[in-house]
Amino acid sequence: MTSIKPLGPASLFTRCDPGGLGFETTADLDRLDQVVGQPRAVAAIGFGIGIERPGYNLFAMGSHRAGMQGVVRGFLDRRAKEEPRPPDWCYVHNFEQAHKPRALKLPTGRGVKFQADMKQLVEDLRGAVVAAFESDEFRARRQEIEQELDRRQERAFGALQQQAEQANLTIIRTPAGVAVAPTRDGEVIEPDEFAKLGEEERATVKSAIDGIQKELERIMLEVPQWRREVAAQLADLRRLVTKAAAGAIFEELRRGYADVPAAIEYLDAVETDAIEHAEEFRPQKESPAALLLGGDPQASARAATERRYAVNALGDADGAEGAPVLFEDNPSYQNLIGRIEHTTQMGTLVTDFTHIKAGALMRANGGYLVLDARKVLLQPYAWEGLKRALTAREIRVESLGQVLSLVSTVSLEPEPIPLDVKVVLVGDRTLYYLLHAYDPEFPDLFKVVADFSEDLERSSEHEALYARLLATMVQRNELRPLTAGAVARVIEEAARMAGDAERLSMQARDLLDLLRETDYWAAERGSAVAEASDVQEALDARVGRHDLLRERMNEAVHRETVLIATEGAVAGQVNGLSVIQLGGFAFGRPSRITARVRLGGGRVIDIEREVELGGPLHSKGVLILSGFLSGRYAPTTPLSLGASLVFEQSYGGIDGDSASSAELYALLSALADAPIRQGLAVTGSVNQRGDVQAIGGVNEKIEGFFDVCVDRGLTGEQGVLIPASNVKHLMLRADVVRAAADGRFHIYPVETIDEGVELLTGVAAGVRDAEGQFPVGSLNQRVERRLVEFAEQARAFGRPHKAESEGDDSD
Amino acid sequence: MTEASDRSRARRVVVAIDMSTASRKALEAAAEIAAMIGAELHGVLVEDINLVRLAELPDSAELGVLSGSRRELDVDRLEHSLAALARRARQELSQVAARASVAWSFEVVRGPVLAEVLRVAEGAGLVALGRSGTGIGRDRPGSTARGLLAAGRQSVWLQHPAGSTGQVVLVCGSDAAPEATVDAVARLKRAARDGVAVVVTAPTVKRATEVEQVVLAALATHHVRPTMSRLLVGATPDQVVATVKMLRPGVLVVSAEDRNVLRLLDEVSCSLLVARER
């Protein structure tokens, strides 16, 4: 029988020696400018930022607590500072198609200036145009033109009036027009007198009236044409005067933008338009509509003119150096792509190009945009909008209504702006792999992946780097310096967080939380530096805040509501261990696993699976047991075993195969009728060959059983069997280590089922001899004999197992 | 007529309404002045007897102003149109008067326009009407306006159809006492808003300066400070008209006694307030 020695305290917890760190407090350490332990991600980011090809956007993947964003932004900030600031983009009015605002590209930093220059231009034009229109020359010329119309009308109507008077007629207004009437002594003739006229005379009068009326008709038809001619002459005059007045103003502005052809072209268009709309620069008369609406019609007319020639500069006027680096925390469709806002006028929504608001893509254009992948995917249509922009390499500001063709009203269609941005998505691995698998566009748009490791190899060199990392975090967050002891304790905790004595966690957010909480406890003590005890206080307090559920579960065991034996020996019953993870706090708890065996069809029934409480991994573990049993004990005979396995008093789901070794021990114990020591608990998975394999959460599992044993009183016979391959993961609590050092609690590393079963039952497992037989009385021999007995019974019953198999098949 | 009733009538502002653009604006101006001096606003719609006679003539026709088409003009249609016009005039008057918070009355009369207006305006302080004549295509004042200036005994407001935007220009000749014109200016709200320019015409510099002093002092008592004052010594009517035109008046205030009044009326295209001493 092999003798497995319990692990010594050194194996249970790998200390970090404060003396070996080489400093007294973190104040002695320089800040760390490099990224620790992420060479793969760093290289990927460097590559992704450096390569300037379409589709080479980045996806930084890893745990959201690894501080990826900070690392990425640090890189981007450094890189962006060395890059030129991108040109400015503006939207301006399109004088030919008002609903399609033009995009104007201006040299870096001149967008806002152009905006101010155009505002000044409008002011200058207003002054110049008003002065020009008020000039004596303009007035005189206008009067000439208007008087010419009067003269024309007077000539025409005056002559006609004279002609009428000569014929004893007059032209008078009626409520709806004009009429020609016969007169006598300057007054319209009385009807009675008219009736007294002779027929011939009346006919003469009538004929004269007809003649005047015809001439009147002719003149009245000509009047509108005369008015149009006058209006055209006045318009020409206004153009001429405005051009003369505004020419110098435009020339001066053109000189300032001589190096920007697009601006010059736009200024030409503005000049042409301003000349055509010169009247709009003058104070407006009160219109009935304006009176109806109230408000100041002058102010609204001024605002309308200012808007027409305004420049909507999309960039920020912050004067920052280098390329922009932007993080959009709320990546909704509109926040990403941009939006077109509206204002209400008389209950109607109206908009123009000044209401176009830049989205994150526009603001980061020419630089870098960092987005949380999960948030982008959660926002309706944001992902589609982002992909469309990256694919088309242009930003087309459209409302969602337009994109989805939900609205058919005429809205703005701003000219698309070329997009040159490097997008960095930050997200967890699952998202990356899902997108890669299910979104065919994703691999083409995000060709570079920066994979962030969650942990770092623990070596003395890395411990020193880690100390500097902690020092940097302390300094950046203005925390109290940590003593070397405190740093060592944090490093030990980092190993525990990594779940591996040989690795250090890189979960930056968790580390920072620990440092802040340590600082709090140091402050409570009134200390200027944080000691190891403050770190421990922070850790203990954190556990204390979270462990109500654990306490209740342990209490249930203590009160024997949940049945867990920690003494004695029982066949077919073993203490398995599981981990419960709730709200960022994980703890272990023992569960009683029992096995019952009988004659059957070679099937091990996993009760958890039967009731759909067991997950697929757990089921896999149980099925492996059948493989182990048949391979080891019944290679040539039918396995006529019927067995059932159950986690007693388990009412929630179970998954994972870490209890498969415990289940096998229970099964073997039941078959061999060899009682298992209840003071021991077991964790570890098993393969078909009987090798015990590593599992996760080994520290929490051991501590979970330890707590139950401590509650009952340590007997010195209690302990936990763990896979030997998990020894390197041990970073146990100090009280567990102390108990192990004192010989009151034992951690046994086992490599095979045979080693474990011997420890649990005290019976030698036994190895087949040269003739293939297990030693008599060995546990394996007892198991094999029992299985043979089942097989013989089965034969004696005349293949009873077949019927059962058939029954099973129908399940 | 007693002195009290005389005063009462003097505190009437009569406005002749024919619902043309100019007459509607004249109504606004009259209401403003009535409110300023605390007078009653009396509207009158004169149904031109010549028009009625014309309608009674056989085969009468009218030409639509907008359409240019010829249509029959008969008494029934005319009466109907006149009645509708009276309703609109009354409604408009009531609204304008309500806005200006002045008492108002309205009557419809039939007869020769000038004679009826003169009759109704008898004893009133001011009569307001549109300045355009009934002639077609003419901007010059019509016979009613001219008749009022010639035969009336009250101040006359002749409203330009385009409105009265622009400064108030006060023309004072040495041959007319300035009190009435100054008083008229003081009653114009727009004088304070748009500014007042003074043009003094006199045969000599001395006389012009004297008149200017009197005018400025009188305006000062009403807290009106002119933006400019121009003296025209020995100016011909043409020169006076040209000067006034250059000042682009919104309202021209001139005394009925001024020898240039008819030239100004004919040549200057703006609203005109012809002030008369009472």
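Trainee: Into which domains is chain B divided?
Mentor: This is a predicted model, and the bounds within chain B come from a domain assignment. The C-alpha centres of domain 1 of chain B and domain 2 of chain B lie 27 Å apart. Chain B is divided into domain 1 (3-159) and domain 2 (168-275).

Trainee: How many residues of domain 1 of chain B are in contact with domain 2 of chain B, and what area is buried between the two?
Mentor: On the domain 1 side of chain B, 16 residues are in contact with 18 residues of domain 2 of chain B. Carbon and sulfur atoms give 56% of the area buried between these two domains. The values asked for are 16 residues and about 1600 Å².

Trainee: Which side chains meet in the salt bridge between domain 1 of chain B and domain 2 of chain B?
Mentor: The count between these two domains is one salt bridge.

Trainee: Which element gives the largest share of the side of domain 1 of chain B that touches domain 2 of chain B?
Mentor: Between these two domains there are seven residue pairs in polar contact, both residues at pLDDT 80 or more. On the domain 1 side, the elements of chain B that give two or more residues are helix H2 (21-37), helix H6 (143-151) and strand E7 (155-159). The largest share is five residues, and it comes from E7(B).

Trainee: What area do chain B and chain A bury between them?
Mentor: Here 31 residues of chain B are in contact with 34 residues of chain A. The size of an interface is often expressed as the accessible area lost when the parts come together. Of the area between chain B and chain A, 59% is on carbon and sulfur atoms, and the total is about 3000 Å².

Trainee: Which residue of chain B meets Glu190(A) in a salt bridge?
Mentor: Across the interface of chain B and chain A, the rule finds four salt bridges. In the pair that includes Glu190(A), the N to O distance is 3.1 Å. The partner in chain B is Arg53(B).

Trainee: Which element gives the most to the side of chain B that touches chain A?
Mentor: Nine residue pairs are in polar contact across this interface, with both residues at pLDDT 80 or more. The elements of chain B that give two or more residues to this side are helix H3 (49-56), strand E3 (61-64), strand E4 (70-72), helix H4 (75-100) and helix H10 (237-246). With five residues, the element that gives the most is H3(B).

Trainee: Which residue of E3(B) stands opposite Gly177(A)?
Mentor: Strand E5 (residues 177-184) of chain A pairs with E3(B) in the antiparallel sense, over three bridges. Within E3(B), the residue opposite Gly177(A) is Gly64(B).

Trainee: How far apart do the C-alpha centres of domain 3 of chain A and domain 4 of chain A lie?
Mentor: The assignment for chain A gives domain 1 (16-33 + 456-546), domain 2 (38-85 + 320-452), domain 3 (87-313) and domain 4 (552-771). For domain 3 and domain 4 of chain A, the separation of the C-alpha centres is 99 Å.

Trainee: How many residues apart in sequence are the parts tied together by Glu265(A) and Arg102(A)?
Mentor: The structure holds 68 salt bridges over all chains, including the one between Glu265(A) and Arg102(A), at 3.9 Å, N to O. Glu265(A) lies in helix H8 (residues 261-276) of chain A and Arg102(A) in strand E3 (residues 102-106) of chain A, so the parts that this pair ties together are apart in sequence by 163 residues.

Key
Residues numbered from 1 in each chain as written. Chains lettered and ligands numbered in written order. Predicted model: local features only at pLDDT ≥ 70, side-chain atom pairs only at ≥ 80, totals over all residues. Heavy atoms only, no water. Contact = heavy atoms within 4.5 Å. Buried area = accessible area lost by both parts, 1.4 Å probe. Polar contact = N/O pair within 3.5 Å; in protein donor to acceptor, adjacent residues only side chain to side chain. Helix = DSSP H or I, 4+ residues; strand = E, 2+ residues; numbered from the N terminus. Pairing = 2+ DSSP bridges.
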